[in-house]
Amino acid sequence: MITQLGLIFIVILSYELLRYSKFIYLLKINISIYKKIFKLLTSKKVSDTKKEKGILNYSKILFLNSVKIIIILLIILFLIVILRFLDASFISYISDVFGIFKMILLFLIYSYIRKKIHAKL
C-alpha cells in the first residue's frame with residue numbers, strides 16, 4: 001500500500017516540479033544553443049575572435065541551463081531515495097515494466113485532471 005502511495009506522491013511532485021521549473025523550456029533552450037554553436041563553428045564568414053567570444057557566451061548559458069536541469073533531476077532522484085528508505089521494494093517496483101506503466105498512466109491522469117481543474121478557474 002505504501003508503495004502505491006509513494007508512487008502517487010513521486011508522480012505528483014515530479015509533475016509539479018517539472019512544470020514549475022519549466023523543464024521542457026530549459027531543454028529547448030539547450031538544444032537551440034547547441035544548434036547556434038554548430039552554426040557558428042561551421043560559418044566561414046565569422047572571424048576566429050568572434051567565434052571564440054560567441055562560443056564562450058553560448059557555453060556560459062549552456063552550462064547554467066545544464067546545471068538547472070541536473071538540479072531538477074537530482075531533486076526527483078532525492079525524493080525517490082527518501083521513499084526507498086520508507087519502503088525497501090520501492091526501487092524494484094518503479095523499475096518494473098508494470099510500475100513504469102503505472103507511473104505513465106498516473107502522470108497522464110494527473111495532468112488531465114489538473115488541466116480540467118485549471119480550465120474551470
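Visitor: Is the crossing in which helix 2 passes helix 3 left-handed or right-handed?
Guide: The model is predicted, so-called local features need pLDDT of at least 70, side-chain atom pairs count only at pLDDT 80 or more, and totals for chains, interfaces and linings use all residues. Residues are numbered from 1 along each chain as its sequence is written, and side-chain values use heavy atoms, without hydrogens and water. Helices are DSSP runs (H or I, at least four residues) numbered from the N terminus, and a crossing is left-handed if the near helix is turned anticlockwise from the far one by less than a right angle, right-handed if clockwise. For helix 2 and helix 3 the crossing is left-handed.

Visitor: How many residues of the contact of helix 2 with helix 3 are nonpolar?
Guide: Contact means heavy atoms within 4.5 Å. Residues including F23, L26 and I33 in helix 2 meet residues including I55, Y58 and I69 in helix 3. Ala, Val, Leu, Ile, Met, Phe, Trp, Tyr, Cys and Pro count as nonpolar. Beside four polar and three charged residues, the number of nonpolar ones is 16.

Visitor: At what angle do helix 1 and helix 5 cross?
Guide: The crossing of helix 1 and helix 5 is right-handed. The axes of helix 1 (residues 2–20) and helix 5 (residues 97–120) come within 10 Å, and their angle is roughly 55°.

Note on methods: Helix = DSSP H or I, 4+ residues; strand = E, 2+ residues; numbered from the N terminus. Axes fitted to C-alpha atoms, helices over the stretch in contact; angles between N-to-C directions.
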